[in-house]
Amino acid sequence: MMLKRIKTINKIASFVAASLALLAAVPLQAASIDVSSIVKNAEKAAYYSGKDGRSDARMMIVDAQGRKQMRQFTVLRRDVEDNGDQQMMVFFERPADVKDTVFRVEKHVDLAIEDDRWLYLPALDLVKRISSGDKRTSFVGSHFFYEDVSGRAISEDNFVLQEDTEAAYILKATPKAPETVEFAYYVVTIDKKTNLPILIDFFKSNNDNYRRVEAVKIEEIQGFPTVVRSKVSDLESGAYTLMEFRNINFDLGLVDDVFTERSLRNPPREWLN
């Protein structure tokens, strides 16, 4: 009887020891995942391929009633440094009511310096500055925001790992300055194979998922996994915008003059045709 009791006690002790060892292993595994590196690599993969880049884009805007509008434009981008400051120009070609409209961005990663964004409106011959309060408003009537186009700086949010699957990291991001944005938090899925963010869901403070950004199609171009089709959905109304990129090229050697105020009224045709 006594021997049987001792064996039972030993079994319980072994089970407890094994359980404690398992519990101890979980935080060690989580601690070994560098969230900061995951986010930085995702930002580089999404917005900093090559030293510069050019692409033609076509945007289809579909409203809640199913009515469609098209936008066609060319994007030129140059990095000051990887994961650092960046310059961008967007030149609109179609339709006629937005032709020759130009969007110019000087992106800064230092939170003490606001991004500079301008919109040139040819019908008025007017350069309009996009204020920081407008950066999360509609980009030329689409469901993309100005900030979606140039990229939200990762330094603006705090990231926490929610899930580590075989194929992806799932992170929750909370804004450091919540009064400057319309969302309470967002959840981003980052593909482990490409490092690209492939799904971003935005939530309100009541946990309603009201907005979604998706990478619909990815291709490898000049060795860089590249999103060639993306979609932004207004989950409350059912409206959405599809964006497709074509004629994508990296490392073109774009020069300083391309990204100046002068290019707003005098586009650099040699890089657009």
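Phenylalanine 139 counts as buried because its relative accessibility is 0%. The model is predicted, and the values below are computed from it.

**Aromatic packing and the nonpolar core**

Leaving out residues up to four places away in sequence, phenylalanine 139 touches Met59, Phe73, Val90, Phe92, Phe103, Phe144, Phe145, Tyr146 and Val149. Phenylalanine 139 is also among the residues with the most contacts inside the largest nonpolar core, together with Phe73, Val90, Phe103, Leu171 and Tyr186. That core has 36 residues. Helix H2, residues 35-47, contributes the most to the core, with four residues. In soluble globular proteins, nonpolar side chains tend to be buried together.

The whole structure contains 12 aromatic pairs. One of them joins phenylalanine 92 and phenylalanine 139 in a tilted arrangement, with 5.8 Å between centres and 45° between the planes. This pair links distant parts of the chain: phenylalanine 92 lies in strand E3 (residues 86-94), and phenylalanine 139 in the loop between strand E6 (126-130) and helix H3 (146-150), 47 residues apart. Phenylalanine 92 counts as buried because its relative accessibility is 3%. Another pair, phenylalanine 183 with tyrosine 186, is edge-to-face, at 5.5 Å centre to centre and 75° between the planes. Phenylalanine 183 is buried at 3% relative accessibility, and tyrosine 186 is buried at 8%. Phe73, Phe92, Phe103, Phe139 and Tyr146 make up one aromatic cluster.

**Salt bridges**

A search of the whole structure gives 22 salt bridges. Three of them are listed here.

| Pair | N to O distance |
|---|---|
| Arginine 117 and aspartate 115 | 3.2 Å |
| Lysine 135 and glutamate 156 | 3.3 Å |
| Glutamate 147 and arginine 136 | 2.7 Å |

Arginine 117 is buried, with a relative accessible area of 3%, and aspartate 115 is buried at 17% relative accessibility.

The salt bridge between lysine 135 and glutamate 156 has its closest N and O atoms 3.3 Å apart. Lysine 135 lies in the loop between E6 and H3, and glutamate 156 in the loop between H3 and strand E7 (157-164), so this pair ties together parts that are 21 residues apart in sequence. Lysine 135 is buried, with a relative accessible area of 13%, as is glutamate 156, with 15%.

For the bridge between glutamate 147 and arginine 136, the N to O distance is 2.7 Å. Glutamate 147 sits in helix H3 and arginine 136 in the loop between E6 and H3, so the pair ties together parts that are 11 residues apart in sequence. Both glutamate 147 and arginine 136 are buried. Salt bridges with shared partners join Lys135, Arg136, Glu147, Arg152, Glu156, Asp157 and Glu182 into one network.

**A buried lysine without a salt bridge**

Lysine 107 belongs to strand E4, residues 102-107. Lysine 107 is buried but has no salt bridge. Its nearest side chain of opposite charge, glutamate 43, is 4.4 Å away, and a salt bridge is defined as having these atoms within 4 Å. The side chain of lysine 107 does reach the backbone oxygen of glycine 151, at 3.4 Å. Beyond neighbours within four places in sequence, lysine 107 is in contact with Glu43, Tyr48, Asp85, Gln86, Asp115, Ser150 and Gly151.

Notes: Residues numbered from 1 in each chain as written. Predicted model: local features only at pLDDT ≥ 70, side-chain atom pairs only at ≥ 80, totals over all residues. Heavy atoms only, no water. Helix = DSSP H or I, 4+ residues; strand = E, 2+ residues; numbered from the N terminus. Buried < 20%, exposed > 50% of the residue type's maximum accessible area, 1.4 Å probe, protein only. Lys, Arg positive; Asp, Glu negative; His and termini not counted. Polar contact = N/O pair within 3.5 Å; in protein donor to acceptor, adjacent residues only side chain to side chain. Contact = heavy atoms within 4.5 Å. Core = buried A, V, L, I, M, F, W, Y, C linked by side-chain atoms within 4.5 Å. Phe/Tyr/Trp six-rings, centres within 6.5 Å; stacked < 30°, edge-to-face > 60°.
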